[in-house]
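Here is a short walk through one protein chain. Keep the sequence and the 3D view side by side as you read.

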Amino acid sequence: MTAENLRTAARRPMKPPLFIAAVLTLLLTGCQSGPPQRPQPQTDHGTLVTKDHVKTTIEHEKAFAQYYDVPAPAGENWFAIDVGPTPVLVVAGHATAHTREGARKAADRGTGSLAVMLHKLTGVTAIYTVYASPSDPNYDDDNAFKEALSNLLQALQPTLVLDLHTSHADRPYAVDFGTMAGQSLLGRAELLANLEEALRQAGVEDLSNESFSAQRHHTITKWVARQGVPGIQLEINFTWLAHAGDNPTEAHRVAKLLQGLVNFLQRFEPSEATEESQSLPASAPR
Ligand SMILES: [Zn+2]
């Protein structure tokens, strides 16, 4: 699967009331329409994550893996945006390898496919790297990713930003939440409380707070909070994310994590701001 196919596969089917969002999606990510999709299975509480979703997540990550360490070809952008109707923005700025102070750092494996699946299953907007990055969006401010992110904040007016990262397997938690000791929630403490509750109910119980507080350097969480949008950094243990797909435990954990995040994100109704957006982000990838 090529990077372009990855973007195409990630795209959400269009819905008539969301014309502007659809236009944004097309202009931001290309001009092909996404593949037809069956309605998602529903439970009393919303979408039920199935084994097919898990399989698709793993396939997406395999596609990302082909480009973890490959620089973008001339004229192509190193990140992609999938615009959805709900007022939540999911960021995976380390989905591929990145460059920090001149040194290459490995991809946060599993975060790209997770961002893509959350977009497909819940309608959030997702921005994620697709090629090796010439910068580090979670460390530097002066890069095209941050510029596109800033433009997205203005155009979509999200209620919340979730910034996805991968923690080493030897960390003692499944997910650690970084909120600059609460500052990045901007008074919306219930956002984190609801996220934690949704994950626990789905069986993701080893949660921690502020092991990585997102305070140091120019983190995504700090960046969005300064622009008036609550942000939560999720450091997800490597063992809870999709990788090769040959491990039943991995598949089981991916299903739980996906279900918990889906349950949380489905509480957000489609945004009027998305529909009312009149202008495109100026530096969006073409
Ligand atoms: Zn990271």
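Begin with a single pair of residues. The bridge partner of His165 is Glu235, which lies in strand 11. Now widen the view to the strands around them. Strand 8 covers residues 160–167 and strand 11 covers residues 231–237. The two run parallel, and seven bridges join them.

Next, take in the whole sheet. Strands of a sheet pair through backbone hydrogen bonds, either parallel or antiparallel.

Turn to the helices. Helix 3 spans residues 51–65, and helix 8 spans residues 248–265. They pack with their axes 10 Å apart, at an angle of about 105 degrees. An angle of 65 to 115 degrees counts as roughly perpendicular, so helix 3 and helix 8 are roughly perpendicular to each other. Which residues meet here? From helix 3 come His53, Val54 and Thr57. From helix 8 come Ala251, Val254, Ala255 and Leu258. Five residues of this contact are nonpolar, two are polar and none is charged.

Finally, remember that this model is predicted. The chain averages a pLDDT of 82, and 79% of the residues score at least 70. Over residues 1–38 the pLDDT is below 50. Residues 276–286 also have a pLDDT below 50.

How values were computed
Residues numbered from 1 in each chain as written. Predicted model: local features only at pLDDT ≥ 70, side-chain atom pairs only at ≥ 80, totals over all residues. Pairing = 2+ DSSP bridges. Helix = DSSP H or I, 4+ residues; strand = E, 2+ residues; numbered from the N terminus. Axes fitted to C-alpha atoms, helices over the stretch in contact; angles between N-to-C directions. Parallel < 35°, antiparallel > 145°, perpendicular 65-115°, else oblique. Contact = placed C-beta atoms within 7 Å. Nonpolar A, V, L, I, M, F, W, Y, C, P; charged D, E, K, R; others polar. pLDDT = per-residue confidence, 0-100.
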